[in-house]
Amino acid sequence: MNKKIAVLGCGAIGSSVSADLTKAGLDITVIDQWPAQVEKVRTDGIEVTMPDGVVKTRLNALHLCDLSSARLMFDIVFMCVKSNDHRWLAEFIKPYLKPDGVFVAIQNGFNEESLASIIGKERLIGCAVELSAEIFTPGFVKRNTTHKTTWFAVGEHDGFLTPRVKEIQALLNNVGVCEITGTIQSAKWTKLIANSMTMGPFGLLGLGNTEAAHLPGMFELSVALGKESAAVGEAMGLRMEPIFGLRADEFAGSTEENIVTAMKTLLGHVSRGRTAPIHDHMKGRISEMAFISGLVARKGKELGIDTTCNAAVAEIDRRINSGELAMDRSNFELLKQMTSK
């Protein structure tokens with residue numbers, strides 16, 4: 001392949017994707033807003049440490065301000081940023097994506113409608129992702145999912161199987177296991193359901209995933225969160241899908257059984273790490289939970305569906321973001337108080 005590929009975002013996820021694609025011999029340009037990270041990875045390279053190995057490579061990296069004079073046009077853009085940043089960065093990269101180029105957002109959340117209004121729906125390929133990684137020091141990533149346990153699903157929004165979606169699958173197979181789906185919106189919402197059950201409550205506490213998952217009452221609360229999210233998705237015309245590489249027969253139970261299966265499978269992938277909102281709060285940044293639990297709560301209100309649990313998670317997260325609360329395990333008691341019915 002001689003196509004020019006941009007990875008927009010060089011945080012934990014973008015670094016992991018960029019390192020694997022670069023090692024595969026592809027023409028990768030990484031673009032990021034973190035100056036120290038850009039300087040480090042293009043001078044000394046990126047080091048991604050996984051439970052089963054290390055990937056080291058130098059990256060072709062640009063600061064945001066470098067792109068206007070670089071005279072580059074990209075065939076493919078992988079956007080690897082938090083949902084908070086998706087709109088302005090989509091506008092930023094739009095002039096550098098070829099008219100027949102392809103844009104793939106590798107991120108949590110459900111931002112396709114928003115991205116389509118900027119990039120154009122005809123240039124979007126949908127992507128659901130499970131890749132757990134952390135970065136606190138420029139140039140060094142701790143990746144919690146291996147190549148075997150990292151999972152992607154990609155698909156056209158009209159459900160058709162096209163050459164370009166097969167091409168994206170082949171590229172992402174360098175990073176993890178990538179499947180093609182004809183129902184990408186449902187796959188993305190199923191991942192959002194799983195995130196609402198784990199990222200949502202765990203991200204308020206500052207605990208590792210395993211410790212948070214075993215708090216008394218957490219399992220029941222997670223299931224309640226998932227049932228709300230599933231009900232909202234169903235009202236939107238979306239159904240739960242077997243994700244994370246699960247087979248259809250492993251995902252053939254009741255809605256509640258499938259919710260539990262998805263949550264347990266996700267936790268099996270990320271048991272070593274801490275969920276993404278914790279990284280954001282530790283860095284003094286606003287988390288993206290407004291685009292996950294907050295989205296469920298907003299959609300639930302529009303559709304007349306009770307989303308008390310997701311609304312409580314979103315409200316406590318808002319208070320942490322504003323400095324009204326500290327990220328602490330005591331927030332679990334507050335969450336239980338706010339969700340008791």
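Start at α12 (293–303). In the lining of the second largest pocket, α12 gives the most, with four residues. Helices are DSSP runs of H or I with at least four residues, strands are runs of E with at least two, and both are numbered from the N terminus. A pocket is an open set of points on a 1 Å grid over the protein atoms alone, with protein on both sides within 12 Å along at least five of seven lines; a cavity is a set where a 1.4 Å probe fits but cannot get out, and lining residues have an atom within 4 Å of a point.

The model is predicted: local features need pLDDT of at least 70, side-chain atom pairs count only at pLDDT 80 or more, and totals for chains, interfaces and linings use all residues. Residues are numbered from 1 along each chain as its sequence is written, and side-chain values use heavy atoms, with hydrogens and water left out.

**Second largest pocket**

Select Phe110, Asn111, Glu112, Glu113, Ser114, Gln185, Met236, Phe291, Leu295, Arg298, Lys299 and Glu302. They line the second largest pocket. Two elements give two or more residues to this lining: α5 (112–119) and α12. The pocket holds about 280 Å³ of space. Volume here is the space filled by probe spheres set on the grid points, which are joined across faces, edges and corners. By class, the lining has four nonpolar, three polar and five charged residues. Ala, Val, Leu, Ile, Met, Phe, Trp, Tyr, Cys and Pro count as nonpolar, Asp, Glu, Lys and Arg as charged, and the others, Gly among them, as polar.

**α7 against α12**

α7 and α12 pack at an angle of about 115 degrees, with axes 9 Å apart. Axes are lines fitted to C-alpha atoms, for helices over the stretch in contact, and angles run from 0 to 180 degrees between N-to-C directions. Show Trp189, Leu192, Ser196 and Gly200 in α7; they meet Ser293, Leu295 and Val296 in α12. Contact means heavy atoms within 4.5 Å. This contact has four nonpolar, three polar and no charged residues.

Zoom in on Trp189, in helix α7. Is Trp189 buried or exposed? Trp189 is buried, with a relative accessible area of 2%. Buried means under 20% relative accessible area, exposed over 50%, and partly exposed in between (1.4 Å probe, protein chains only). Leaving out residues up to four places away in sequence, Trp189 touches Phe110, Ser229, Val232, Gly233, Met236, Leu238, Leu295 and Val296. Then pick Gly109: its C-alpha atom is 8.1 Å from that of Trp189, though the two are 80 residues apart along the chain.

Move along to Thr198, also placed in helix α7. Thr198 is buried, at 5% relative accessible area. Beyond its neighbours within four places in sequence, Thr198 is in contact with Gly203, Met263, Leu266 and Leu267.

**Largest pocket**

Stay with α7. It supplies five residues, the largest share, to the lining of the largest pocket. That pocket has a volume of about 990 Å³. Of its 47 lining residues, the closest to the centre are Ala12, Ile13, Lys82, Asp280 and Arg285. Select those five to find the middle. By class, the lining has 23 nonpolar, 13 polar and eleven charged residues.

**Cavity**

How many cavities of 30 Å³ or more does a search of the whole structure find? One. About 30 Å³ of space lies in the largest cavity. Select Gln107, Asn108, Gly109, Cys127, Ala128, Val129, Lys188 and Lys191 to see its lining. β8 gives the most to this lining, with three residues.

**Core**

Next, show Phe78, Ile106, Phe152, Ile168 and Leu172. Of the 39 residues in the largest nonpolar core, these touch the most other members. A nonpolar core is a set of buried Ala, Val, Leu, Ile, Met, Phe, Trp, Tyr and Cys residues joined through side-chain atoms within 4.5 Å. Apart from it lies another core, of 37 residues, among them Leu207, Leu238, Ala276 and Ala312.

**Two positive phi values**

Finish on two loops. Arg71 lies between α3 (67–70) and β6 (74–79). Arg71 has a positive phi of about 55 degrees, although it is not a glycine. Arg71 is exposed, at 80% relative accessible area. Phe244 sits in the loop between α9 (218–235) and α10. Its phi is near 60 degrees, again positive in a residue other than glycine. Phe244 counts as buried, at 7% relative accessibility.
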